[in-house]
Amino acid sequence: MKANATQIRAAIEKLNPDTRLYLFHGPDEAGAADLAAKLGKALGPEAERIDLDMKALREQPGRLADEAASLSLFGGARYVRLLGVEEGAAEAIGLLLNAERAGNPVVAIGPGLKASGKLVKSVIAAQNAYAHACYVPEGIDATRLAANIAREHGLRLTGEVPQRLAAATAGDRAILAREIEKLALYLDAAPERPRDADGAALDAIGADLGDSDLSDAITAVVDGRVGDIGTELARLGEGIGVPLMRQLARRLQSMAEMRIDLDRGGDMDEVLEKHRVFFREKAATGRALRRWNGVQLARAIDRVREAERAMMHSGSAGEVLADAEAVTIARQAARARG
């Protein structure tokens, strides 16, 4: 079944034992991860989570249905999470949906899946599954998201604070949540201690990220300035690995779209203007586009997304993966020739 934002939230808040699969597809991987986390919370704090990836599904397509039918080691709630789902998961998901029994829900995140693809269409056609498209929130949706996240932390955003937060974080939920957490800490806010957050409080924590946070680091990466990466990452500090990979993937994806226009004969200045490249980033973006071709950009996007998925697994190298990938992409940019 196809579900919009309201329907999928309602389905997660009141889980139906007959629903076997919740598929979140589309470019907003952070939004999909947030929905998956909410599903886990709906099952209770003691719910056991089993993580599977595409390698496991390809090698053993029947394992997904088996895991969904297995009892928890501790006798409580249990669910299965799939990361980086691709069209190649069709066999495993088909076996899950058609199995005789499957008591544990499966939540699947597929940022690269297309709504027009066979897998998404098959899930939409199923009566025991939901498919929801996740897109990066913009405009009023991004503003509403900021207000909702703030409410969960005991904050009431006043004046233009919701708009400022949404604009500063470009709708990225991970970065937005981090800034709101900082704001709640500054104001000593909590659900049981609600506080008003105004422009002065936002200024105090320096939450206008556009000029001073991830943008400079990402520009250094796509511009191939390997020597500057260490300085930028040190300035940003810890805890920025996943947001950095998400923002870098978004920048590379935007560049790939611009590269298509250029390959069709478009003028560089016109293409940069068409895609509304921020004026501070135009020079670096133009240099990168003159060096990178579409294939190189596609490979870089795949690498960054794979690094982000790896970071989400427990026991991974975490921030080190993000730092290493940023340096690798910067080196590719320095060597690349379109």
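Helix α2 covers residues 29-42, and its 14 residues reach 20 Å from the first C-alpha to the last, close to the 20 Å expected at 1.5 Å a residue. The expected span is 1.5 Å times one less than the number of residues. Helices (H or I, at least four residues) and strands (E, at least two) are DSSP runs numbered from the N terminus. The model is predicted: local features need pLDDT of at least 70, side-chain atom pairs count only at pLDDT 80 or more, and totals for chains, interfaces and linings use all residues. Residues are numbered from 1 along each chain as its sequence is written, and side-chain values use heavy atoms, leaving out hydrogens and water.

- Buried residues (under 20% relative accessible area, 1.4 Å probe, protein chains only; exposed is over 50% and partly exposed in between) in α2 are Glu29, Ala30, Gly31, Ala32, Leu35, Ala36, Leu39 and Gly40.
- Gly44 follows α2 and has a positive phi, near 110°.
- Helix α16 (residues 294-311) has 18 residues, which should span 26 Å at 1.5 Å a residue; the C-alpha atoms at its ends are 26 Å apart, in agreement.
- Asn293 caps the N-terminal end of α16, with a side-chain oxygen 3.1 Å from the backbone nitrogen of Val295.
- In α16 the buried residues are Leu297, Ala300, Ile301, Val304, Ala307, Glu308, Arg309 and Met311.
- An α-helix has 3.6 residues a turn, so residues three or four places apart point the same way.

**Helix pairs**

- The axes of α7 (residues 139-152) and α9 (residues 173-187) come within 10 Å and cross at roughly 45°. That angle makes α7 oblique to α9.
- Axes are lines fitted to C-alpha atoms, for helices over the stretch in contact, and angles run from 0 to 180 degrees between N-to-C directions. Angles under 35 degrees count as roughly parallel, over 145 as roughly antiparallel, 65 to 115 as roughly perpendicular, and the rest as oblique.
- α7 passes α9 in a right-handed crossing; right-handed means that the near helix is turned clockwise from the far one by less than a right angle, and left-handed that it is turned anticlockwise.
- Leu145, Ala146, Ile149 and Ala150 of α7 meet Arg173, Leu176, Ala177 and Ile180 of α9, where contact means heavy atoms within 4.5 Å.
- Helices α11 (residues 214-222) and α12 (residues 226-236) pack at about 160°, with axes 9 Å apart. α11 is therefore roughly antiparallel to α12.
- α11 and α12 have a left-handed crossing. Leu214, Asp216, Ala217, Ala220 and Val221 of α11 make the contact with Asp228, Ile229, Glu232, Arg235 and Leu236 of α12.

**Single residues**

- Ala129 is in strand β5 (residues 129-133) and counts as buried, at 0% relative accessibility.
- Leaving aside residues up to four places away in sequence, Ala129 touches Met1, Thr19, Leu21, Leu97 and Val123. Ala129 and Val107 are 22 residues apart in sequence and 9.9 Å apart in space, C-alpha to C-alpha.
- Glu160 lies in the loop between β6 (155-157) and α8 (161-169). Glu160 counts as exposed, at 60% relative accessibility.
- Between Glu160 and Gly199 there are 7.2 Å in space, C-alpha to C-alpha, although they are 39 residues apart in sequence.
- Asp188 sits in the loop between α9 and β7 (195-197) and counts as partly exposed, at 42% relative accessibility.
- Phi of Asp188 is positive, near 55°, in a residue other than glycine. Most residues other than glycine have a negative phi.

Technical notes: Polar contact = N/O pair within 3.5 Å; in protein donor to acceptor, adjacent residues only side chain to side chain.
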